[in-house]
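Here is a short briefing on one protein model. Keep the 3D view open as you read, and find each named part in turn.

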Amino acid sequence: KDSNENIVQMETEAKVDGGEPQELGYKDLQPKWIIKENHGQPINTLAVNSKYPRMIATVGHSQANIYDTQNRGNFLDLQFHFDNAPEDMPKGGNPTLLTCIWMEAGKEKGELEDDVYLVIAGEDRLIQIISISRWRVVTQLRGHTDTITHLAAHATKPNILVSLSKDKTIRLWNIHGNQLRVWKVADATTATFIPEEDSFLVGYRDGVIRKFDMNSDANGTVIFDKHSKDPIDNIVYLHEDIWISKTNKGEIKFWNIETSKEITKFVARNCTSPTRIGLDSKKEHLCVGDNEGRTHIYNIANIPEKPHLVHTINYRRSRKAVRAAAFGPNDRSVLCVTADPHLWRYDVLPPKPDEEEEEGDE
């Protein structure tokens, strides 16, 4: 399709290189689909729906798009398109969307059973809640006075989210329109909630991570400060008391939230700009993109052992910096968005018959 969707199936040729051992068929990852979004600008991030993993969302320029990664079997098809209209923009023009997350419906009055929400935000200072069941914006959260740079949703409290902004505030919200708390904080770069707790972690431009209490006005306490002095762009929960954090220079550390001690670390290859990392469903592998369009897959199953590289996706047509990477449904694909209008999907494909025969002979 080459209309508004600009979907083009790619040739299956791929140049892939990586380290040993090759695992879970990742050596067989080949480019399957590329979508060129019609706004012509970089795609800023990618979000996979945890409840319905076949649903993914992207934001770029003034657009938010939702795709079904398994439509009619194995097609990657556009399901929903949202164009962010100008509203009180100081410089005019359509406001760019910078961040998006998925949230599940709670049990409050007016919510549809099994509904999910796509939450988007960016330059227009609004947080917009899109109901997937209704296919429309159902709520707008207002309060920020400058660009919103990051959103995070609580994993076990379905109506709670937090936002970071260039207005030097962090704001806690109820998805139905209530602003619950405001912290005046400069240089916050990313945030994530702690499962089962009324608290969240915030990464800063100086490489420090602080813990905030949802029920307190205090500006957080330092929980981890073992990174170099580079901005934190990812904080991800692994399991038990172990967390993963990454700087925009590619330094990835595993650490214990109870002891604030570093467990192990590594530096992702050629990763010197902000990019979102992804974990597979078993949390045994991590994928991270680099500045030249490649995506690296690391084995993290044996922490505290140092993670090792098991595969690098290196396709000749992907040469722009990867903004975000994630594993697809059943961990049989890897999805990436790059600093151009492209969404990439690489699938684990079976080897060709002659390759199987050669391996059998060996």
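**Strands, core and confidence**

Strand β13 (residues 160–165) and strand β14 (residues 169–174) run antiparallel and are joined by 5 bridges. Within this pairing, L164 stands opposite I170 in β14. Keep in mind that this is a predicted model.

**The sheet around β13 and β14**
- Strands β12, β13, β14 and β15 form an open sheet in the order β12-β13-β14-β15.
- The pairing in this sheet is antiparallel.
- β12 (148–153) and β15 (178–184) are the edge strands. Each has a single partner strand, so one side of each has no neighbour in the sheet.
- From one strand to the next, the twist averages 20°.

**A second open sheet**
- Another open sheet has 4 strands, in the order β20-β21-β22-β23.
- Its pairing is antiparallel too.
- Its edge strands are β20 and β23 (261–267), and each pairs on one side only.
- Neighbouring strands here are turned by 20° against each other on average, with direction ignored.
- Inside this sheet, 5 bridges link β21 and β22 in the antiparallel sense.
- Which residue of β22 is the bridge partner of I244? The partner is F254.

**The largest nonpolar core**
- This core holds 17 residues.
- L238, I244, F254, L286 and I300 touch the most other members.
- What does L238 touch, leaving out residues up to four places away in sequence? The list is W243, I244, F254, L279, K283, I300 and I303.

**Cysteines**
- The structure holds 0 disulfides.
- A disulfide is a covalent bond between the sulfur atoms of two cysteines.
- Is C100 buried or exposed? C100 counts as buried because its relative accessibility is 6%, and the cut-off for buried is under 20%.
- C271 is buried as well, with a relative accessible area of 2%.

- The average pLDDT of the chain is 85, and 85% of the residues score at least 70.
- Over residues 1–23 the pLDDT is below 50. Beyond near neighbours in sequence, this stretch has 71 contacts in the model.
- Residues 355–362 also have a pLDDT below 50. Beyond near neighbours in sequence, that stretch has 2 contacts in the model.
- Where pLDDT is low, the predicted coordinates should not be read in detail.

Definitions and conventions: Residues numbered from 1 in each chain as written. Predicted model: local features only at pLDDT ≥ 70, side-chain atom pairs only at ≥ 80, totals over all residues. Heavy atoms only, no water. Core = buried A, V, L, I, M, F, W, Y, C linked by side-chain atoms within 4.5 Å. Buried < 20%, exposed > 50% of the residue type's maximum accessible area, 1.4 Å probe, protein only. Contact = heavy atoms within 4.5 Å. pLDDT = per-residue confidence, 0-100. Pairing = 2+ DSSP bridges. Helix = DSSP H or I, 4+ residues; strand = E, 2+ residues; numbered from the N terminus. Axes fitted to C-alpha atoms, helices over the stretch in contact; angles between N-to-C directions. Disulfide = S-S within 2.5 Å.
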